Amino acid sequence: MRPFVVAIIGSGPSGIYAAEALCQQSDVAVSVAVLDRLPVPFGLVRYGVAPDHPSIRSIRNTLERTLSRPEVRFYGDVTVGRDVTIDELRGSVDAVIYAYGAASDRRLDIPGEDLDGSIAAAELVAWYCGHPDVHPDLESPAITGPEPAGIDAEQASRLVASTRSAVVVGVGNVALDVVRILIRPTADLARTDMAEEVLTALDDRAVTDVHVLGRRGPANTSFTTKELRELGDLDGVDIVIDPFDHAIDPATIGKVAARNLAVLSGWAERSDGTAARRIHFHFWTRPVRLAGEGRVASVITERTMIDSTGRLLSAGPGPELPADLVVRSVGYRGTALPGVPYDPEIARVPHAEGRVIRDGSFATGEYVTGWIKRGPTGVIGTNKSDAVETVTSLLTDIADGELVADHDRDDLDRLLADRGIHPLGMPAWRLIDAAEIERGHRQGRDRATLAHRSDLLAAAADPDPDPPD
Ligand code: NAP
């Protein structure tokens, strides 16, 4: 029987879990094409998970096994919306699944937000993970992504190297990653797979204080407790917490929030702030203005409270916090891909159970999964059940005769060849992988990330993985 051809846009965990769900069922023979605008797969597992979290990053091995299955092909370095349109892609496969994530960031919408030194967590994360958008090539400095990154590696290095006091706005897991990377001793980071130029910039750091702002209370954090506890294990770092009302009944909040509250309360009791470096938590505090001449110098804050309807209100002026760097870590935001339905109100692709809604009706053969489907929430594993829901809808539509197999798996290859596009497949990834491992071993670590597109392409073309220093 002719296999049903599915193209998945995005090779992060959401896209690869969708490929896995398609391969693991036996009702329909499938052929799966996973496309990514980057030369390498794995999306946020490579470019979002913090480098000092190697066990989470090792999910890459599971994802790689799926991409290596005979029914699956990886098409790296193909930008849908630029190299091929959505309509052309839809015309060459039987169904598409959008899994392109949420690459942009939410803003604070306060005065001074665009001062030099004020950046989105998404930008800093992309920098320290070695994302090619933030590490452009000298010969082609233009940023290639659909949503240009606001800073480049030079700016990020300059900002980090010249920061003594940083303010991180938001109390979610991304904020924790940013705080750790900013304050953690270089010796710890030198063991990770960070690109050398990132390590060099971090080595030049003079950061002594990182202030974390939570606009609600210590019982309203979005941290996972394991990640929060990690902050307490950092060498030479004290945690200082503004006095807060401990009389919160854990029964009135969720389990995770109660565990986080217990960790924060423990720190509040024992911290004295005498270590050389400090993390300060300020709850019931939000920024109202970033102040500075040209570059940010401080954050003007206000205290907050919640009224009986749950609305956040001002409760008077808060402290003015010194800041050479302000990182807003208030959530990611999905963006529009040309030709794909998009609801700007919620920054997602409209859908029901993963079936895309186009002009008010279900769009035949179009599905969505991951952050661009449900918003930027959940841990990596959340994408698995999300992908299963979407793939179940797709398989139901095949069983109901709504979708029929009408294409060969080579139709997409012909389309790309006609456009002069030469995708990088898994053999190219294996060469890049080997080059990064080899480079890392030479430096006494497991891997050194190649941050520049030109280095990735050179490694992909080199049968003898030994990239230039
Ligand atoms: P998040 O968990 O949604 O946290 C966003 C934080 O920003 C919340 O504390 C929120 O406070 C705050 N916020 C939103 N708007 C604000 C504003 N205007 N002013 C001040 N604060 C504001 O988002 P995230 O940290 O970006 O993480 C995204 C997802 O990735 C999460 O599901 C996270 O768990 C996951 N992730 C997991 C890991 C890991 O497991 N190690 C690592 C990184 C990310 P309110 O609650 O008051 O809105």
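**View 1. Five salt bridges cross the interface of domain 1 and domain 2.** The rule finds 5 salt bridges across the interface of domain 1 and domain 2; a salt bridge here is a side-chain nitrogen of Lys or Arg within 4 Å of a carboxyl oxygen of Asp or Glu. This is a predicted model, in which local features need pLDDT of at least 70 and side-chain atom pairs count only at pLDDT 80 or more, while totals for chains, interfaces and linings use all residues. Residues are numbered from 1 along each chain as its sequence is written, and side-chain values use heavy atoms, with hydrogens and water left out. To find a salt bridge yourself, look for the side chains of arginine 180 and aspartate 52, which meet at 2.7 Å, N to O.

**View 2. Helices on the side of domain 1 that touches domain 2.** Here α2 (43-47), α3 (54-57) and α17 (453-461) each supply at least two residues; helices (H or I, at least four residues) and strands (E, at least two) are DSSP runs, numbered from the N terminus. The largest share, 3 residues, comes from α17. By type, the residues on this side divide into 13 nonpolar, 8 polar and 10 charged. In this grouping, Ala, Val, Leu, Ile, Met, Phe, Trp, Tyr, Cys and Pro count as nonpolar, Asp, Glu, Lys and Arg as charged, and the others, Gly among them, as polar.

View 3. Domain 1 covers 4-102 + 334-460 and domain 2 covers 105-332, with bounds from an automatic or database domain assignment. Their C-alpha centres lie 30 Å apart. In all, 31 residues of domain 1 are in contact with 31 residues of domain 2 (heavy atoms within 4.5 Å).

**View 4. An edge-to-face aromatic pair.** The whole structure has 5 aromatic pairs, meaning rings of Phe, Tyr and Trp (its six-membered ring) with centres within 6.5 Å; planes under 30 degrees apart count as stacked, over 60 as edge-to-face and the rest as tilted. Why is the pair of phenylalanine 42 and tryptophan 429 edge-to-face? Their ring centres are 5.2 Å apart and their planes stand at 85 degrees, so the pair gets that name. Phenylalanine 42 lies in the loop between β2 (30-36) and α2, and tryptophan 429 in helix α16 (residues 426-442), so the pair ties together parts 387 residues apart in sequence.

**View 5. A salt bridge between aspartate 116 and arginine 158.** These side chains meet at 3.2 Å, N to O. Aspartate 116 sits in the loop between β5 (104-105) and β6 (118-120), and arginine 158 in helix α7 (residues 153-161), so to speak distant parts of the chain, 42 residues apart.
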